[in-house]
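User: I am new to this structure. Please take a close look at a single part of it, then follow its links to other parts.

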Amino acid sequence: MTTPAYKRVLLKLSGEALMGDDAYGINRATIERMVADVAEVTQLGVELAIVIGGGNIFRGVAPGAQGMDRATADYMGMLATVMNSLALADAMRQAGLTARVMSAIAIEQVVEPYVRPKALQYLEEGKVVVFAAGTGNPFFTTDTAAALRGSEIGAQIVLKATKVDGVYTADPKKDPAATRYSTITFDEAISKHLQVMDATAFALCRDQKLPIKVFSIVKPGALKRVVLGEDEGTLVHV
Ligand SMILES: Nc1ncnc2c1ncn2[C@@H]1O[C@H](COP(=O)(O)OP(=O)(O)OP(=O)(O)O)[C@@H](O)[C@H]1O
Ligand SMILES: O=c1ccn([C@@H]2O[C@H](COP(=O)(O)O)[C@@H](O)[C@H]2O)c(=O)[nH]1
């Protein structure tokens, strides 16, 4: 079966997963593997937009940010996502893909600003669009940026590619007895305070009836299986 289940998707890539086994930063082999996964999906003809987190870089500067004004620290976090977005786009270019980075914060010498019609045009042209700098606002996360941009571009699903292979009854990294849901409703995920994604992102997707698939970016071939509609990860739905 090689017919994708979706025409347009928003892929949320974990920033922390980019570290691979390193303490922080971008692990070269890891980013190349992620790009190979992305390439497999674009070859299926799926229109792909990406939001990438900033945890891998922000974690490295976090001790210095202690006691800082929250909004200032958040702007630093958003700039970290710009660095990841540029690295990802460059790795995609090296792999023969055409990518465009669009930033929610104006830094026009570095990256073009986010303009929705332009993003839609790029997607229709088959280019991969990377949305950088989150929502552009402090007090939010890149999960919420993924929900927001996914809604704006009319994606059929948000694919949250992270370090765990789905939504569990509790954080599987802390509770070995936690069990994985194959599906869960937004209301249940919110009421149970499941921390795999923030509640703002869940609520926005719920209101927009935009499903989310949570799956492992570390598991080989998982992204392609998700896009083909195969049984992988956890579906969060209305
Ligand atoms: N109920 C749960 N089910 C699954 N994972 C959970 C749960 N509760 C907490 N987690 C944790 O949430 C993490 C994923 O969310 P998080 O937003 O922290 O990471 P990310 O989006 O992958 O990283 P980044 O912020 O760098 O983009 C998982 O690595 C997992 O340890
Ligand atoms: O819309 C946004 C998105 C992100 N931030 C800040 O950036 C960091 C990194 O993002 P992650 O989603 O955690 O990977 C985040 O912790 C915020 O500090 C933001 O302020 N607004």
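Analyst: An N or O atom in the side chain of Thr-135 lies 2.7 Å from an oxygen atom of ligand 2. This is a polar contact, that is, a pair of N or O atoms within 3.5 Å; within protein, one atom must be able to donate a hydrogen and the other to accept it, and residues adjacent in sequence count only if both atoms are side-chain atoms. The model is predicted: local features need pLDDT of at least 70, side-chain atom pairs count only at pLDDT 80 or more, and totals for chains, interfaces and linings use all residues. Residues are numbered from 1 along each chain as its sequence is written, chains are lettered from A and ligands numbered from 1 in the order in which they are written, and side-chain values use heavy atoms, with hydrogens and water left out.

A polar atom in the side chain of Asp-74 is 2.6 Å from an oxygen of ligand 2, and for the side chain of Thr-142 the distance from an N or O atom to an oxygen of the ligand is 2.5 Å. Ligand 2 on its own exposes 440 Å², and the protein buries 85% of this; the areas come from the Shrake-Rupley method with a 1.4 Å probe, and for residues only the protein chains shown count as cover. There are 14 residues around ligand 2, and the nearest are Gly-54, Asp-74, Thr-135, Asn-137 and Thr-142. A residue is counted here if one of its heavy atoms lies within 4 Å of the molecule.

These five names also occur in a database record. The unreviewed UniProt entry annotates a "binding site" that covers Gly-54, Asp-74, Thr-135, Gly-136, Asn-137, Pro-138, Phe-139, Phe-140, Thr-141 and Thr-142. The annotated residues are spread over 89 residues of sequence but cluster in space, with a largest C-alpha distance of 14.3 Å. UniProt positions follow the numbering used here, feature names are shortened, and annotations may be inferred rather than shown by experiment.

Where does Thr-135 lie in the chain? Thr-135 belongs to the loop between β5 (128–132) and α5 (142–152); helices (H or I, at least four residues) and strands (E, at least two) are DSSP runs, numbered from the N terminus. Thr-135 has a relative accessible area of 14% and therefore counts as buried, which means under 20%, with exposed over 50% and partly exposed in between (1.4 Å probe, protein chains only). Leaving out residues up to four places away in sequence, Thr-135 touches Ala-104, Phe-140, Thr-141, Thr-144, Ala-145 and Leu-148; a contact means heavy atoms within 4.5 Å.

Phe-139, also in the loop between β5 and α5, is exposed at a relative accessible area of 52%. Beyond its neighbours within four places in sequence, Phe-139 is in contact with Arg-70, Ala-71 and Asp-74.

Strand β5 leads on to another part of the chain. Ile-50, in strand β2 (residues 47–52), is buried with a relative accessible area of 0%. Among the residues that Ile-50 touches are Val-128, Val-129, Val-130 and Phe-131, as well as Leu-10, Leu-11 and Leu-13. Ile-50 and Val-9 are 41 residues apart in sequence, yet their C-alpha atoms are 8.5 Å apart.

Ligand 1 has its own surroundings. It is surrounded by 21 residues, the closest being Glu-16, Lys-160, Thr-162, Tyr-168 and Asp-171. A polar side-chain atom of Lys-160 is 2.7 Å from an oxygen atom of ligand 1, while a polar backbone atom of Gly-15 is 3.0 Å from an oxygen of this ligand. A backbone N or O atom of Tyr-168 is 2.8 Å from a nitrogen atom of ligand 1. Taken alone, ligand 1 exposes 640 Å², of which the protein buries 84%.

Thr-162 gives a link onward, to Ser-216. Ser-216 lies in strand β8 (residues 212–216), is buried at 7% relative accessible area, and has contacts with Thr-162, Lys-163, Val-164, Asp-165 and Ala-222, neighbours within four places aside. The side chain of Ser-216 reaches the backbone nitrogen of Lys-219 at 3.1 Å. The side chain of Lys-219 in turn makes a polar contact of 2.8 Å with the side chain of Glu-232, a residue in the loop between α8 (222–227) and β9 (234–237).
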